[in-house]
Amino acid sequence: MIQVPRGTQDILPEESYKWQYIEKKLHEIAKNYNYEEIRTPMFESTDLFVRAVGGSTDIVNKEMYTFKDKGDRSLTLRPEGTAPVVRSYIENKMQHNVEQPVKLFYLAPMFRYERKQKGRYRQFVQFGVEAIGVEDPLIDVEVLSMLMNIYQSFGLKNLKLVINSIGDIESRNEYNKALVEHFSPRIDEFCNDCQTRINTNPMRILDCKVDRDHELVKTAPRMYDYLNDESKAYFETVKAKLDKLNINYEVDYNLVRGLDYYTHTAFELMSDAEGFGAITTLCGGGRYNGLLEMMDGPDKSGIGFALSIERLLLALEAEGIEIPKAKGIDLYICTMTDKARNAAGTLLHKLRSRNISADMDYENRKLKAQMKDADRKNAQYTIVLGEDELDSRQADLKNMETGETIKLSFDDIINTLEEL
């Protein structure tokens, strides 16, 4: 039997209502912050991710789904959302928009070839936002405020926001020199990836999942000590504005994030809920100055974050938060005869064309079984059609919650349901 590919999942109806609820709320919050939806292709030129995400990252080296098309072009299923959005910003010349920053959001599947873990899949869905075009601490704070608003709107309480400054390019270069000096004498004690990173991106050693507990990681120089005056002032302004909004946070000087394009503000949101799991990160993001220029675009800055819907669902489960089920159908039609089944089919067509959700039995079951089916479908009302009802062209409309019935003519059923 052919089965679902490893690392993917079927989201069945008993779970999909949760996704619909989350997606609707995310769209509403994005609108509140005046972010507009962007939809980019599911696959892009491989070079886009190599240049934007970074050739030294695990995403590019180990996790991308890359293939050749019939024109021998190298294409990649998108592993993250920022690079495609930035590509679109540049290609569509959004820097000329009257309003800057251009504030965009996406809700889309991403693809990474990695070991399946709880809440992590090879095809997963991300909601992300990007504010591109302005470098201003106020935008950083707006993005962080939006991030916290999203999780708190679902009722989550065990949250920890961790922030750091990676500084500008000048500060990063000085810091990388210090890290090379710190790690080089004992780099042979680290994993093969870190031994490569010391020559390509030393900061990523601090982000290594294998060597995170190594004593040299714990005693590594602090990024903050290598920030120039401009970078320090930027970070202090961000923190001051977060304080003013009463948004709680912790500063983690080892937080560097996994992608090469981050500068200045970097952040992660974690779950402190008991039983959530060893990997506590819910969401991450940061500012990216220089990314657009790296991709042959204008001298513009951006900031954004991306969250996994799968991880959000795990956080809700860990805190015992139930997502409300959508209401059931408006009407279920029970039938007693073949003639009644034909009449029900005609009535269903009329109901649905008037935006009334309705269904009936298609297996010719007994009335008792049909009523059970109406319960399973959480029908608000039912009617039973038999020979008597067809002859009189009247039926009893039953409220399934209260048990009350109203006798109605066939002509009045639709109008009454619309009013109810």
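Predicted model: local features only at pLDDT ≥ 70, side-chain atom pairs only at ≥ 80, totals over all residues.
**Cores**

The largest nonpolar core of the model has 97 residues. Within this core, the residues with the most contacts are Phe127, Ile150, Tyr151, Phe183 and Phe305. The element that gives the most to this core is helix α5, which spans residues 137–153 and supplies nine residues. A second core of 21 residues is separate, and it includes Leu331, Tyr381, Ile383 and Leu390. In soluble globular proteins, nonpolar side chains tend to be buried together.

Phe305 can be followed through its contacts. Leaving aside residues up to four places away in sequence, Phe305 touches Tyr106, Phe127, Gly128, Val129, Val143, Leu147, Ile150, Phe267, Cys283, Gly284 and Gly285. Two of these partners, Phe127 and Ile150, are also listed among the residues with the most contacts inside the largest core.

Val129, another partner of Phe305, is found in strand β6. Val129 counts as buried because its relative accessibility is 0%, and buried means under 20%. Apart from residues up to four places away in sequence, Val129 touches Tyr35, Leu104, Phe105, Tyr106, Val143, Met146, Ile303, Gly304 and Phe305. The C-alpha atoms of Val129 and Asp299 are separated by 20 Å, and these two residues lie 170 residues apart along the chain.

**Helix α1 and its partners**

Helix α1 covers residues 13–32 and packs with helix α11, residues 309–318. Helix α1 also packs with α5. The table sets out both pairs.

| Pair | Angle | Distance between axes |
|---|---|---|
| α1 and α11 | about 105 degrees | 11 Å |
| α1 and α5 | about 145 degrees | 11 Å |

Helices α1 and α11 are therefore roughly perpendicular to each other. Their contact is made by Lys18, Trp19, Ile22 and Leu26 on the α1 side, and by Ile309, Glu310, Leu312, Leu313 and Leu316 on the α11 side. Of the residues in this contact, seven are nonpolar, none is polar and two are charged.

The crossing of α1 and α5 is right-handed. Here α1 contributes Lys25, Leu26, Ile29 and Ala30, while α5 contributes Met146, Asn149, Ile150 and Ser153. The residues of this contact divide into five nonpolar, two polar and one charged. Leu26 of α1 takes part in both contacts.

Lys31 is also in helix α1. This residue is exposed, with a relative accessible area of 67%. Lys31 and Ile309 are 278 residues apart in sequence, and their C-alpha atoms are 18 Å apart in space.

**Helix α11**

Helix α11 is mostly covered, with eight of its ten residues buried. The buried residues are Ile309, Glu310, Arg311, Leu312, Leu313, Leu314, Ala315 and Leu316. They pack against helices α1 and α5 and against the strands β5 (102–111), β6 (123–132), β10 (281–289) and β11 (301–308). After α11 comes Gly320, which has a positive phi near 65 degrees.

**A buried loop residue**

His214 sits in the loop between α7 (192–200) and α8 (215–218). His214 counts as buried, at 15% relative accessibility. Its contacts, not counting residues up to four places away in sequence, are with Arg186, Glu189 and Phe190. His214 and Thr57 are 157 residues apart along the chain, with 20 Å between their C-alpha atoms.

Methods: Residues numbered from 1 in each chain as written. Heavy atoms only, no water. Core = buried A, V, L, I, M, F, W, Y, C linked by side-chain atoms within 4.5 Å. Buried < 20%, exposed > 50% of the residue type's maximum accessible area, 1.4 Å probe, protein only. Helix = DSSP H or I, 4+ residues; strand = E, 2+ residues; numbered from the N terminus. Contact = heavy atoms within 4.5 Å. Axes fitted to C-alpha atoms, helices over the stretch in contact; angles between N-to-C directions. Parallel < 35°, antiparallel > 145°, perpendicular 65-115°, else oblique. Nonpolar A, V, L, I, M, F, W, Y, C, P; charged D, E, K, R; others polar. Left-handed = near helix turned anticlockwise from the far one by under 90°.
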